[in-house]
Amino acid sequence: KPRFLHLNNERAGIIGVNVRPKLTTLALTDLNANFITQDSLPTFEDPNEFLGELAVRIKKLRDSHPQIFCEGIGVGVPGRVERKSQNLVFAPNLGWRDVDIKEFLENATNLPVEVDNAANSCALFELWFGKHSEGVHDLIALTVSEGIGTGIIANDQLVTGVSGMAGEFGHISINENGDLCSCGNRGCWEVYASNSATVDYYSRTNGKHQNGKKDESDKPTFEDILRLYELGDPKAVESIERMAHYLGLGIAMLITSFSPGLIVCVGE
């Protein structure tokens, strides 16, 4: 006679890590991706220094719930990840190149580690656990943060390309004479539609950056601009509407290219 079985969420869990340029978040979840506890740490410029501190925080997270057997670690990074080795090839907004996150953390924690582009990680989450993705087999996760990322699911499969670096739509140039992007190209989509681009535009139009000089100490955060937008600040409204306009242009490109059943925008 058949027996109904289910995963024992009280005994097994997974650690997820979301690396972003200024702040990295890590969380212990059950096998249904429900958060049990979480922590955060600054993202250091030196990747080795950062990974050392990250390993310490992961150990503390595990020690805080010793009754949970940790199945492994998943790391989402804002950059290009080589499919076979899972090496971080290049992360423009972090300034990192050729960083072997997987090997470092596996040696430090004795756990299996999976590393992927953050947008790909979001796309897989939406496919497996998304509130609006039931019955959807083709979707795109659009991550809007310091940069722009796209994770693409086609016929229930993640689109990776030969090298694993497919979907870098944030670095498609929409204006070949535009501003210089951190990737070295000019006029990339994320130069116009990302959080960083919106902060830069607000600072320029609000007189914060005069004669091309940037005063980082006086620069608002993206959250500051959102709060000012809610208060009706004209420059903040202009900056957010400009961002939305360029997001719309890029999303139209994605719809024409892939005709997805769902696009999920992830970000502040």
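Q: How does one read burial here: is Phe-169 buried or exposed?
A: Phe-169 counts as buried, since its relative accessibility is 12%. Buried means under 20% relative accessible area, exposed over 50%, and partly exposed in between, with a 1.4 Å probe and protein chains only. The model is predicted: local features need pLDDT of at least 70 and side-chain atom pairs count only at pLDDT 80 or more, while totals for chains, interfaces and linings use all residues. Residues are numbered from 1 along each chain as its sequence is written, and side-chain values use heavy atoms, leaving out hydrogens and water.

Q: How many aromatic pairs are there?
A: A pair of aromatic rings is described by the distance of the centres and the angle of the planes. Rings of Phe, Tyr and Trp (its six-membered ring) pair if their centres lie within 6.5 Å; planes under 30 degrees apart count as stacked, over 60 as edge-to-face and the rest as tilted. This rule gives four aromatic pairs. In one of them, the ring centres of Phe-169 and Phe-258 are 5.7 Å apart and the planes meet at 75°, so the pair is edge-to-face.

Q: Which parts does the pair of Phe-169 and Phe-258 tie together?
A: Helices (H or I, at least four residues) and strands (E, at least two) are DSSP runs, numbered from the N terminus. Phe-169 is in the loop between strand S11 (157-158) and helix H4 (189-193), and Phe-258 is in helix H7 (residues 234-258), so the pair ties together parts 89 residues apart in sequence. Phe-258 is partly exposed, at 32% relative accessible area.

Q: What are the distance and angle for the rings of Tyr-192 and Tyr-246?
A: Their centres are 4.8 Å apart and their planes are at 35°, so this pair is tilted. Tyr-192 in helix H4 and Tyr-246 in helix H7 are 54 residues apart, and the pair links distant parts of the chain. Tyr-192 is buried, at 8% relative accessibility.

Q: Which residues touch the most other members of the largest nonpolar core?
A: In soluble globular proteins, nonpolar side chains tend to be buried together. A nonpolar core is a set of buried Ala, Val, Leu, Ile, Met, Phe, Trp, Tyr and Cys residues joined through side-chain atoms within 4.5 Å. The largest has 28 residues, and Leu-54, Val-75 and Ile-101 touch the most other members. Among the elements that each supply at least two residues are H1, strand S4 (69-77) and helix H2 (101-109). H1 gives the most, with six residues. A second, separate core has 18 residues, including Trp-189 and Met-243.
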